[in-house]
Amino acid sequence: MKQVVQNYKSGELAVLDVPVPGCKPGGVLVRSVFSLISTGTELMKVSEAGMSMLGKARSRPDQVAKVMQSVASNGLPATYRKVMGKLDSYTPLGYSLCGVVEQVGAGIDDVKVGDLVACAGNEHALHAEQNWVPRNLYTPVPDGLAPRHAAFGTVGSIALQGVRQGEPQLGEVALVVGLGLIGQLVVQLLTAAGVRVVGTDPDPVRCELAERLGAVACGDPSSAAVETAVAELTGGHGVDQVYLAAGGGSNQPVELAARLSRDRGRVVDIGKCRLDLPWNAYYEKELDVRFSRSYGPGRYDPEYELEGRDYPIGYVRWTERRNLACFLDLMARGRVDVEPLISHIADFDDAVETYQRLKDGELKAVAVLFRYPDAPGEAAAQAPAVAVPAVRPGGPAPGPARPAGTPVRLAFVGAGNYATSMLLPHLEQRDGVVLSTVVTTTALSAANAQRKFGFARATTDLDAVLGDPSVDAVFVVTRHSSHAELTRKALLAGKAVFVEKPLALTEDELAGVLTAVEESGNDRLQVGFNRRFAPLLQEAKNRFGVRTGPANLRYLVNAGRLQHGSWYLQQGTEGSRFAGEGGHFIDTASWLLDADPVSVYAVAPAGNEDLQVVLRYPDGSTATIGYITNGAPGFPKETLDLVADGKVLKLDDFVRASVYFGSTAGRKRWVSSRLPKARDKGQSAELAAFIRAVRTGGPMPVPLESLVATTAATLAVRTALTGGAPVTLASAR
């Protein structure tokens with residue numbers, strides 16, 4: 001299928017061939033009929049992409065701050081790869097469309113194949129021939145409403161949520177600053193609510209349009225006509241509400257709002273404009289400044305948007321989906337008319353030219369629609385992204401070795417940030433490796449990975465990998481909740497498997513993986529516990545030498561706080577943070593101590609995710625892992641001390657290591673380089689070891705028993721926290 005994309009680094013716009021998205025549970029696959037260009041938000045994004053790197057940095061200081069924090073935590077080379085990888089990728093455009101349901105995912109019963117729906121979301125209602133849309137981001141189109149009008153649903157919901165924030169009442173007077181697409185819709189919604197509206201915009205054509213659609217008077221913001229109209233309508237008191245629907249860097253909108261508002265009036269920011277509030281003016285009138293967050297309650301909440309968990313109507317009357325349905329209803333009943341706003345309808349194949357004309361100012365428009373070619377039934381032949389064939393037990397086990405000179409063919413399931421910044425860069429140029437297929441649930445991420453790393457094939461169909469006899473190994477680099485099931489299926493299909501941590505989130509998931517190993521006879525498994533492969537730590541362990549007595553290990557992990565909206569916070573589906581990444585630190589401790597733990601004890605303060613985990617080992621050694629989320633951001637992420645036999649090994653965040661040994665009189669010390677080229681946590685060496693094992697048929701880099709023991713110990717932390725007592729582990733060796 002085709003999709004409109006943009007490269008944020010170069011500014012290139014393209015209509016790209018990408019795989020059809022799979023129809024996952026909890027949503028529907030929709031074939032687009034019309035999609036709407038947001039001439040404000042999207043053109044701002046297109047313009048930003050055309051800036052220099054310095055210009056991009058100036059326009060997004062929030063992102064610059066994140067980059068600097070990443071440099072402090074992960075080092076400059078890793079951060080550079082991650083940032084450049086994000087910039088030099090195709091990103092989608094669009095977030096408002098109308099289309100026909102092509103497939104219905106499991107758990108969906110409110111629409112059927114063939115129904116017309118309006119869809120929302122900048123990840124789900126894209127300018128693409130087909131989109132997968134979750135339950136709370138689509139709604140059926142009322143009978144009689146034209147599809148081109150229904151495509152306005154998302155943008156209309158933005159305007160509607162802004163009006164709701166202003167709490168208008170019958171007979172009030174409102175000022176709408178900015179009469180672009182959102183402003184024109186706000187004018188109509190306010191008029192429908194019995195509010196008299198004054199509009200202001202530098203464009204006289206837009207002012208005339210707003211008056212035709214219900215505004216009492218409109219004019220240039222610098223003209224006396226606007227102030228005169230406000231004075232006449234309000235008896236000199238000022239407007240009850242001001243709706244800021246303008247963009248740009250001028251502070252004129254907020255200054256105008258203060259001047260024309262009544263005492264204790266409401267100012268609602270809908271657009272993205274400068275908000276340098278004149279303190280005296282806002283203070284003296286005690287103005288109520290409010291923000292309108294996109295389509296309404298539920299926006300940016302992954303449990304609402306992705307998992308379909310609705311808010312009870314008794315507590316949240318107007319959610320994203322209910323706003324979307326309400327706006328469609330207003331159009332269907334003739335309360336809002338979007339037809340006069342449509343300046344141009346372009347064929348989808350002409351998308352790049354249309355954007356360029358808008359950017360250059362050749363095409364002056366309030367609203368532009370893309371019209372899609374009719375392709376009935378095309379999506380029905382596509383398999384769901386996570387549909388996996390039932391593989392019979394006893395699948396073929398990999399051979400003992402590959403013929404000399406035969407490349408190892410790899411498939412990736414998942415191509416997110418970690419895969420594209422920390423794994424694939426080490427594999428794309430490696431001799432004897434062929435990147436065969438990349439599988440993702442979103443079409444564009446698969447296409448990006450194919451373009452950047454040279455995969456022979458990109459798809460959203462997992463069957464294509466598990467049923468392909470030429471694929472030697474499968475990398476599972478998806479979200480945590482899918483790791484165990486995908487690993488189990490790949491093992492049963494006879495593939496060698498590299499799965500990022502964690503291997504499993506529950507004891508049942510771990511048991512399922514082990515059952516697959518037993519049934520298939522295929523134990524070719526590696527979990528991404530990369531720290532034991534870090535060159536600096538390996539050298540330090542060699543310098544420390546063989547132990548003769550028990551050791552005490554202390555590992556401090558300054559994990560830091562997660563950003564709001566991170567999928568790591570979805571504990572209901574993705575497990576706790578420690579369940580997700582704690583295996584890294586347990587594996588490192590066990591490797592340094594040359595044993596697997598026999599018991600686990602854990603304590604945690606109430607109300608946060610900080611943990612103290614104590615592991616006991618067969619020879620009496622102990623390892624204490626402090627997992628801290630509220631530490632200073634500038635402090636190193638990982639520090640480790642190992643003490644035994646009169647010796648001390650110290651690791652400082654994979655930047656520096658040292659070993660102290662010898663008597664007081666003749667003490668000696670080894671110190672690593674103080675200026676390493678990069679913070680190397682072992683990914684490259686780990687991948688090399690895995691590829692070598694697949695090619696030669698030799699043992700996996702880490703014994704299966706150790707992988708299982710580390711996973712079991714990680715899961716036991718939750719049991720120890722719940723029970724308040726140490727958990728004894730079955731010996732894995």
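1. The model is a predicted one, in which local features need pLDDT of at least 70 and side-chain atom pairs count only at pLDDT 80 or more, while totals for chains, interfaces and linings use all residues. Residues are numbered from 1 along each chain as its sequence is written, and side-chain values use heavy atoms, with hydrogens and water left out.

2. The structure holds 14 aromatic pairs, a pair being two rings of Phe, Tyr or Trp (its six-membered ring) with centres within 6.5 Å, called stacked if the planes are under 30 degrees apart, edge-to-face if over 60 and tilted for the rest. F348 and Y372 make a stacked pair, because their ring centres are 4.4 Å apart and their planes stand at 25 degrees. F348 belongs to the loop between β15 (342–347) and α14 (351–360), and Y372 to the loop between β16 (367–371) and β17 (408–413), so that the pair ties together parts 24 residues apart in sequence; helices (H or I, at least four residues) and strands (E, at least two) are DSSP runs numbered from the N terminus. F348 counts as buried at 1% relative accessibility, and Y372 is buried with a relative accessible area of 8%, where buried means under 20% relative accessible area, exposed over 50% and partly exposed in between (1.4 Å probe, protein chains only).

3. The rings of F412 and F475 are also stacked, with centres 4.5 Å apart and planes at 5 degrees. Since F412 lies in strand β17 and F475 in strand β20 (residues 473–476), this pair ties together parts that are 63 residues apart in sequence.

4. Two arginines sit over rings: R164 lies over the face of W318, at 3.8 Å from the ring centre, and R451 over the face of Y90, at 4.5 Å from the ring centre. The criterion is that NZ of Lys or CZ of Arg is within 6 Å of the ring centre and within 35 degrees of the ring normal.

5. In strand β7 (residues 130–134), five of five residues are buried, with Q130, W132 and P134 covered on one side and N131 and V133 on the other. Strand β3 (residues 27–37) pairs with β7 in the antiparallel sense over five bridges, where pairing requires at least two DSSP bridges between the strands. L29 has W132 of β7 as its bridge partner.

6. There are two cavities of 30 Å³ or more; a cavity is a set of points, on a 1 Å grid over the protein atoms alone, where a 1.4 Å probe fits but cannot get out, a pocket is an open set with protein on both sides within 12 Å along at least five of seven lines, and lining residues have an atom within 4 Å of a point. The largest cavity holds about 60 Å³ of space, and its lining includes K501, F529, A579 and T711. The elements giving two or more residues to that lining are α22 and α24. The second largest cavity holds about 40 Å³, and α13 supplies the largest share of its lining, three residues.

7. The second largest pocket has a volume of about 340 Å³, and of its 22 lining residues the closest to its centre are Q571, S576, A579, R718 and L721. Helix α24 (704–723) gives the most to this lining, with six residues.

Key. Grid points are joined across faces, edges and corners, and a volume is the space filled by probe spheres set on the points.
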